[in-house]
Every structure is written in C-alpha cells, then in structure tokens.
Amino acid sequence: MKLAGKTAIITGGGRDIGAAVAKKLAAEGANVAISYFESSKGADAVVAEIEAAGGKAVAQQADLNTQAGVDALVGAAVDAFGGVDILVNNAGGLIARHKIADMTLEHWNNVMTLNLTSTFMMTKACLNHMKSGAIVNIASQAARDGGGPGAVAYATSKGAVMTMTRGLAKELGPDIRVNALCPGMIDTDFHNIHTPDAGRRGFEANAPLKKQGHVDDAANLVYFLACDDSGFITGTNIDINGGMLFS
C-alpha cells in the first residue's frame, strides 16, 4: 500500500472516473474524501464499498463553483483525517453543446467556472494544508484537438487546465508535484449523455486499441501520478485515449 497514511481528496467522487479513483486510492491505503453535488447515492455507495474493504472514507456535499462548497469539502477532509496529501481535481463537465454563434455569455462562464475556476479554488484551499504530495488534474483529449461539435467552451476550459498544470508544477515544486490526465473515450456517463452511440462505435472502429477505455484505466494512471513511483514526473499532461490521438 504505497499511499498508507495519506489523505486524498477526489472531487466528483461519486461516479465514473472519480468513483474509480477513490476506490483505487483507498485500496492502496489512502484515507479518502469525496464530493458530490446533488444526490448522495453514488458517493454513499463508494464510501460504503471502501469501508467494507477496511478503508476510511467520507463524502461531502459541495458546490465547487462556490468558495463555501470548496471550503466545506476541504474542511471535511481535514476534520476527518488531519490534513491533505493528494488532490484529484476530477469534477467538471461539458454542460451542453453550443456553437459559439449561439452561445450565451452565461453558458461560457458556467463552463469556465465548473472546469477551471473550481480547479483553482480547490488547489488554493488545499495548499493551506499540504506540505508535500501530489495534485492530479483531469483535463481532456478535447484540450488537445478542440473537442467535438459545440464543445469549444469545454475544450478551452480543459486546455487552460493543462496550462495551469504546467504553471503549478513550476510554482509548487519541489515539494508538490502536479500532473494531469487527458482522457479520450472512456466509457462513462459523460459520453452516455453527450456522445451519440454512433460516435462511440466509430471510435472503437478507428482507435488502434479498438475499444473504449474503462474508468479503471484512468484510476490506475491517477494512482501512478499520486504515488512515489512517479516521483520524477511533474508538469505533464498524459494522453489516455487508446491511441486515437498522439501528442
């Protein structure tokens, strides 16, 4: 257990990649604090599974678009476990597909706040409690290639997360390492909602690995970046897309 005694915060840890990351880090010994936005059902199930396996976890309702929500999540982790060693900025989303010509300023700002500003606020809040450790951000393949139709705001926000990752690595080293994932087609509710099935089948046909990724693929990479096995890696944005895009 390479994370024994460590405390990890995973935003949006009640489903999909966030849930897989929470369970993986807990299985490797970390105490885990996860956030959920509306329904606690998924987060409660993740906590129950971790505790049934002998781990420690807490779930906190938090609107990470607000400072109050950020403070509630970080405070819950510190109150339960005494500090923060690992931050996984996973919460985010596309919200909806809108082309620029039809996009409202409100939508643009909402996407930026959800994906970028929340990452800034979470990082800043955790730094008050982190003397060392690792931050892992979740960017996107869309940040590399501009995304699909109507995803300019999302792709732009995730591109900014990539740039923030590089800047933070310089600013927070040597004590804190900062890296990011750029996931492509991972089988999640994100794509159930926003990607037509034909697009997913097309991806499987054209990707070198001929399959969609699994949430555990992403979780395993987050674990690697969070533990000392990646101790000489910082400022990287790592593609995980089945070979669909090389950067």
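Two strands count as paired if DSSP finds at least two bridges between them; the strands themselves (E, at least two residues) and the helices (H or I, at least four) are DSSP runs, numbered from the N terminus.

A word on bookkeeping: residues are numbered from 1 along each chain as its sequence is written. Because the model is predicted, local features need pLDDT of at least 70 and side-chain atom pairs count only at pLDDT 80 or more, while totals for chains, interfaces and linings use all residues; side-chain values use heavy atoms, with hydrogens and water left out.

Zooming in on one pair, strand 1 (residues 7–10) runs parallel to strand 2 (residues 31–36) and is joined to it by 4 bridges. Threonine 7 stands opposite asparagine 31 of strand 2, and isoleucine 9 is opposite alanine 33. How many residues of strand 2 are buried? The count is 6 of the 6, so strand 2 is largely enclosed by the rest of the structure; buried here means under 20% relative accessible area, exposed means over 50% and partly exposed is in between (1.4 Å probe, protein chains only). In a regular strand the side chains alternate between the two faces of the sheet. Both faces of strand 2 are covered, with Asn31, Ala33 and Ser35 buried on one side and Val32, Ile34 and Tyr36 on the other.

Contact means heavy atoms within 4.5 Å; axes are lines fitted to C-alpha atoms, for helices over the stretch in contact, and angles run from 0 to 180 degrees between N-to-C directions. Not counting residues up to four places away in sequence, histidine 107 touches Leu94, Ile95, Ala96 and His98.

Helix 3 and helix 4 pack at an angle of about 45°, with their axes 10 Å apart. That makes helix 3 oblique to helix 4, given that angles under 35 degrees count as roughly parallel, over 145 as roughly antiparallel, 65 to 115 as roughly perpendicular and the rest as oblique. The contact involves Gln67, Val70, Leu73 and Val74 of helix 3 and Met121, Met122, Ala125 and Cys126 of helix 4. By class, this contact has 7 nonpolar, 1 polar and no charged residues; Ala, Val, Leu, Ile, Met, Phe, Trp, Tyr, Cys and Pro count as nonpolar, Asp, Glu, Lys and Arg as charged, and the others, Gly among them, as polar.

Helix 1 (residues 16–27) and helix 2 (residues 41–52) pack at about 15°, with axes 10 Å apart, and are therefore roughly parallel to each other. Their contact is made by Ala19, Ala22, Lys23 and Ala26 of helix 1 and Val46, Glu49 and Ile50 of helix 2. By class, that contact has 5 nonpolar, no polar and 2 charged residues.
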